[in-house]
Structures are given as structure tokens and as C-alpha cells.
Number of protein chains: 2
Amino acid sequence: MANRSDVAKWAGVSEATVSRVFSGGAVKEATKRKVLAAAEKLDYLPNAVAQNFAKGRSGHIGIILPYLPKVRLFSVDYFSELLSGLGEAVREEGYDLLLLLRSPEEQDYSELFRARKVDALVILGAKDTPEQKSTLDALKKEGLPFCLIDQQFTGSGFNEIIADNTAGGYMATQHLIARGYRSIAFLGGPATYSNARDRLRGYKLAMEEAGLPIRDQDLLQGNFSRKSGYEAALKLIRQGLPDAVFAANDRMGVGLIQGFKESGRLAGRDIAVIGFDNTDASKMCDPALSTVDVPYFEMGKVAAKRLLQQIFSGDRLPFHERLPVQLVVRHSCARAGEGIILG
Amino acid sequence: MANRSDVAKWAGVSEATVSRVFSGGAVKEATKRKVLAAAEKLDYLPNAVAQNFAKGRSGHIGIILPYLPKVRLFSVDYFSELLSGLGEAVREEGYDLLLLLRSPEEQDYSELFRARKVDALVILGAKDTPEQKSTLDALKKEGLPFCLIDQQFTGSGFNEIIADNTAGGYMATQHLIARGYRSIAFLGGPATYSNARDRLRGYKLAMEEAGLPIRDQDLLQGNFSRKSGYEAALKLIRQGLPDAVFAANDRMGVGLIQGFKESGRLAGRDIAVIGFDNTDASKMCDPALSTVDVPYFEMGKVAAKRLLQQIFSGDRLPFHERLPVQLVVRHSCARAGEGIILG
DNA sequence: GTGAAAGCGCTAACAA
DNA sequence: TTGTTAGCGCTTTCAC
């Protein structure tokens, strides 16, 4: 494998010109062709490490991912679509994605910038806790660009790309109301996740708008796990079934369906259930779970684009984008004998 | 943020000594303490890009991931566990993971090495096709270290970390046989994946060993998708149900269960079903799907360790490790009224 | 155990 | 448009 000076010699130009060709500098068309031909022949590609080093950057967008134990927060679509979205956006700008697995104790993200491992950070699975908040506040104070995905720290001024969880919660609940259900329970997720809070808010909005009461027993607390959904089902059975339950995520929705079924109650017949996320599981369970689809691909793409913009421009104007979600109707929220529209 | 010469001045040593402290060179304990104190005070960390540049390496292990459309090949556990395993192993050696999303057309992996973006490659989701094979052959010929995960190219001499799919197929089938089933169908995956082929082989081994016949109609061809499982169920119903079906992955297993159910046949009562992978979906569906658990975390860890070893030592002795899998018994393969052991 | 200095392969600024 | 050259912040080698 040749180096740049070989190429320069071969093409009969200076090394600087070779560089210009590969980094989009101003070069005569003929020169460019000569250089590219030489590079092709000699099997030359610029050394990305040297390029980044000379440019004083890393060329990486870091992705903070919670390290094991099992990242039950995410669905496979979440991963593959979000990463694909991020990947597409960064590639267009010659950046790469650096995967950074971090346990909750390892929160010194600023270290990643100081060591020049990353030029910006996309943080997944962040919790709204005081520790997390102060970590991020420190990053922000230092002017280090980072972005949260589907997690809001209200009033923080952090960069955030979120799904319109409130609208999703509203749509889901409204759909149940439109089907004629009146007593509708809500199974929430941990309040440390803003999406859990927003989905609850959407639920409340729809209920209020419809003039439907929310009794204390209608508000159930889960932790986004299937198990907590299962247990919520048992609790609901003990206290008397509502017409419907809206679970703040699919995992709990599936748990609900399983819990109900074990006691002979069938979702989609005896009780309506709707989830959130449109994960694989929502199609796999029986009956198929109605849910709300979240545009992860798009969210990743936007997040990366905006971060790169901050890197290039040097500005740190906080961005905060909210992307629309979509209701997906399946059998779990049908009533007995009712014709339904499948999404 | 300070640089190395600041630290050197502050600690009263040469810059070379500062470097030695941070890269584990020979330094007196007292000197080391002085330097670390200075670095701490001045908030200094070595520039990783410069380090890698000077060392003539990238410091990255690349992970090739199939780019959208939806990576239905993988489960969420596959991702999170495999990546965690890889991440753990590389961190111990100061390496990082570079995520590389590539569509099937973008197969010029050697470019990644020439541009010094990676020092080694872990390739996920590779298919055993002539094109893929020749791409990888070229890499191997150039002495570029890469490793395949759960995919074998027989006789290629590629580095491969695989699950013992044959044993898994054997165990699953044997379990069905032990329960007294005699007519056992197999729903296979694409033959371009060696794990699909090996799972079939395990099935055949167990059937032969038990002296059970494999009729033509017992061998069904799927494509690892839920839909293909669903369609296989319909086909089986048309041609007359066997006692049991072993699906080469969970996704198809779930599809089978759904297909059977829609025609009033209940898995775990009217027919036994078993899958492979121990994905989330296997717990979510109804009845819960028996399956075979694959040690992805461990596979990732081993793959990374072995690759790093090749990088450091410079040797290219091919490695080829096969990790054990485990049967997970759930309701889908029980017979009516039969007590089962849950895994 | 420590210091001095060359060099890694680029970019960027300046000169031509 | 092109060539020249001084860095970028490390590692490495060679003295001491």
C-alpha cells in the first residue's frame, strides 16, 4: 500500500495537491484526474487518523449506550433504526460512530472530549436524576456538544430530539375513548424518563377533554418491564377491570395481555389494551397489541445532523426537536365483534 | 484544558516523561505521582487521536452491521449482549468500537483498513454467498484481521466465533423426541446462513439417532421471518399436522404459533413448537416458546479478545471457536396436561 | 530513569 | 491553481 508521496510522484504533482484532491480543495479537473488515477493504481487512501489529527478533531460522534445488565429499555427497532439514522447522517459528513458502553457509574463524559475520542455525543437511555443532570450540566457549561434522544430535562437547555410522546399518549387514549370505553386505566413507566411522564400527560389530556374521570386506581405504576405489566394486570383484576388500559410501552402492554389471559380475560374481547413503541413484541403477542409508532430512524438522523451543524459552526444554540408519532391499531383494542382497522 | 507541555512544566519533568506516565513506561514512582498530580490539576488527558496516529494504528475495532432495511436478523439481545461483550473486551486494551453500517453492496471492507479507520473488523450478518466469500478472501489474503460472528464459511480459514448450532438443533429435536413425538417437522432458514444449515444438521442427527423418518414434507423452508413461520403453519395444516415442529429461529417459531392458532390449533396442546435464539419474542408470545439460548455476550468477548491478540502479535493463525448453547423449555412444547420444566 | 529530537501523514497558511 | 513548509501531539529511539 502506497503513501501520499508515492502518489504525488506518480502523478507528477506536489503532496499538497494530492491532499487537495482528497479533501475537496480547489484543483484543476485534469490534475484531479491524474491524481485519482495514480491513487487508484497505487491503492492509496488518505490516512483518516492522520487527517483527523491534523484537523484537531476525532471525526467521531460518540454514542453512549447503557452497558449490561440487559438493556431492556430498547427494542431491536430502537437500536437498528436509530443507529441507521445516525449512521446515515454522519456518513454524509465523513464522520463515524463510536460506540461507548457505559454503566451508570461511569458518567465522566467530559473525559471523552478531553481525550479527543469524540467531537460530540449522542446519549441514549439517560435518566432524569440529579446526578445525570449535573453531569450533563457540566458538559454543557464546557460547551461540549451532546444530544439526548427521547429524554427531556425540562428547563435545562440541553439538545434534545424527542418523539411527541404527549401526542402519542393523547392519540392512544382518544382512540380508546372513541371506541366507547369510559373507564380507562394508565400503566405508567418510571418518572425518571420524560417519555413516561409525557405519555401520562397525553392520557390525562384526552381523559379531561372527554370529561372522563381519572380515579386513583386508574393510575398504575410500572417500570417498563413485561413483569410490571403482568403484575398490573393482576392488580386490575383484583380491583375490578376497567374498560381499557393504556400502557406506557409495549413491553408492559404485552405483560398486561399475558396477565389478563392467565386469568381468563382476553385483551380485545374482555378488555382493550394499547401500548407504545411499536416494537416487534407488539406484533408477536396474542392478540396483536395496538401501539404508537415512534420514528427512530428520523430521530437519529436529525440528532446527528444537528450535532454536526454545531460542530462545524461552533455555535451552541440548543436544539429541541419533537417528531410526530403514529397510532397503530391492532386487535388488542377491539371490542368483541367489532370490525377494526389494522395499521 | 492544558496540553502536555504545561503538565511537563508544572511537574518539572520532560514531555517524554509525561508520556511515559500515561502509557505505562518505566518511571520512578515519585515522578509518576508528580506528573499525575500536575495532570489532575491541569485537567490533562493525552490526545487519543495523536496517540493512535503516532502509533500508526486507529485504536478501533470496526463492527460491520447491515444497514437498513430493518435488520430482522437480530434480536435486541443479540445486539446488546454481543456489543457489550465486544465492548468489555476491547476496553480492557484501550480500544474502541467503531460502528460501520454497510448495505450489502458496500463490501469494500479493505478500504476501511487502508484508510486506517479500523485495526480489525467484526462482521455481523454476513451471508455465505460467492460475492461475500471473495470479499473476505481478499481481506484474508491481505492479512487484515477480521472475524465473523455465528457464520461459517467452510474451508475458508476465516476467523469465526460461532454458537454450537448443531448441538442446539440436536438438543431441541432430541427434547421433542424424548417427549414422545415421532413426526417432527423442521422449518429452516436461508442456507446462506451457516447457523441455519447447522440447526438443520442437528435436527437430522437427532432424528436419525432415534430412528425416526424424515419425510420430504417434514422439511420446510423459511427465511427467518415471522411471516414465513406463519405461512409454514398454514402449509403444515394443509398437509396434516406433525406432532411437533422445530423452527430454526424464534421469529419463525412465533409465526408458527400464530399461524396454528388462527386455525384453532394451539401450540403446547395440539402441536409442539420449539424455536432458537431465546429472544424476547419467545417470552412474549402465547404460549411461551421453547427455544435454545445463545451466549452472545461471551461470543462478543471472545471475538474481540482473539482479534486484539492477532493485532498485537501480528500472527494470523485463524481461530475458530464454537460456544455451547442451552435448551430453554417453555410451554410451547408441552403436551396437553403434561407437567413441564420451565427454563 | 530521564531528556532531546526525529518522525508519524496529514492540514493550513503563505508564497509563487 | 499549485508548491513549500510549519505545525498538530504523540511515540520511539538514542543518548546520557
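Pro287(B) sits in the loop between helix H12 (280-284) and strand E10 (291-293) of chain B. The structure is a predicted model. The peptide bond leading from Asp286(B) into Pro287(B) is cis, with omega near 0°.

Chain A has a cis bond too, between Asp286(A) and Pro287(A), where omega is about 0°. Pro287(A) is placed in the loop between H12 and strand E10 (291-293) of chain A. For context, most peptide bonds are trans.

## How the two chains meet

Start with the contact count. On chain A, 57 residues are in contact with 57 residues of chain B. Together the two chains bury about 5100 Å². Carbon and sulfur atoms account for 58% of that area.

Next, the polar side of the interface. Between chain A and chain B, 23 residue pairs are in polar contact, both residues being at pLDDT 80 or more. Several elements of chain A each give at least two residues to the side that touches chain B: helix H4 (48-55), helix H5 (76-91), strand E2 (96-102), helix H6 (110-114), helix H11 (250-262) and helix H12 (280-284). H5(A) provides the largest share, 10 residues. By class, this side of chain A holds 26 nonpolar, 10 polar and 21 charged residues.

## Strand pairing across the interface

Strands also link the chains. E2(A) is joined by 3 bridges to strand E2 (residues 96-102) of chain B. The two strands run antiparallel. Within this pairing, Leu98(A) stands opposite Leu98(B) in E2(B).

## Salt bridges

How many salt bridges does the whole structure hold? Over all chains, the search finds 40. Across the interface of chain A and chain B, the rule finds 10. Side chains of opposite charge can pair when their charged atoms come close.

One salt bridge between the chains joins the side chains of Arg114(B) and Asp43(A), at 3.0 Å from N to O. Another lies within chain A. Arg197(A) pairs with Asp128(A), and their closest N and O atoms are 3.4 Å apart. This pair links distant parts of the chain, 69 residues apart. Arg197(A) belongs to helix H9 (residues 194-209) of chain A. Asp128(A) is in the loop between strand E3 (120-123) and helix H7 (130-141) of chain A.

Where does Asp43(A) lie? Asp43(A) is in the loop between helix H3 (29-42) and H4 of chain A. Its phi is near 65°, a positive value in a residue other than glycine. Most residues other than glycine have a negative phi. Asp43(A) is also the chain A partner of Arg114(B) in the salt bridge described above.

UniProt, in an unreviewed entry, lists residues 2-55 of chain A as "domain: HTH lacI-type". In the model, residues 2-55 of chain A are 70% helix and 0% strand. The end C-alpha atoms of this span lie 22 Å apart.

Technical notes:
Residues numbered from 1 in each chain as written. Chains lettered and ligands numbered in written order. Heavy atoms only, no water. Contact = heavy atoms within 4.5 Å. Buried area = accessible area lost by both parts, 1.4 Å probe. Salt bridge = Lys/Arg side-chain N within 4 Å of Asp/Glu carboxyl O. Polar contact = N/O pair within 3.5 Å; in protein donor to acceptor, adjacent residues only side chain to side chain. Helix = DSSP H or I, 4+ residues; strand = E, 2+ residues; numbered from the N terminus. Nonpolar A, V, L, I, M, F, W, Y, C, P; charged D, E, K, R; others polar. Pairing = 2+ DSSP bridges. UniProt positions renumbered as here; feature names shortened; annotations may be inferred.
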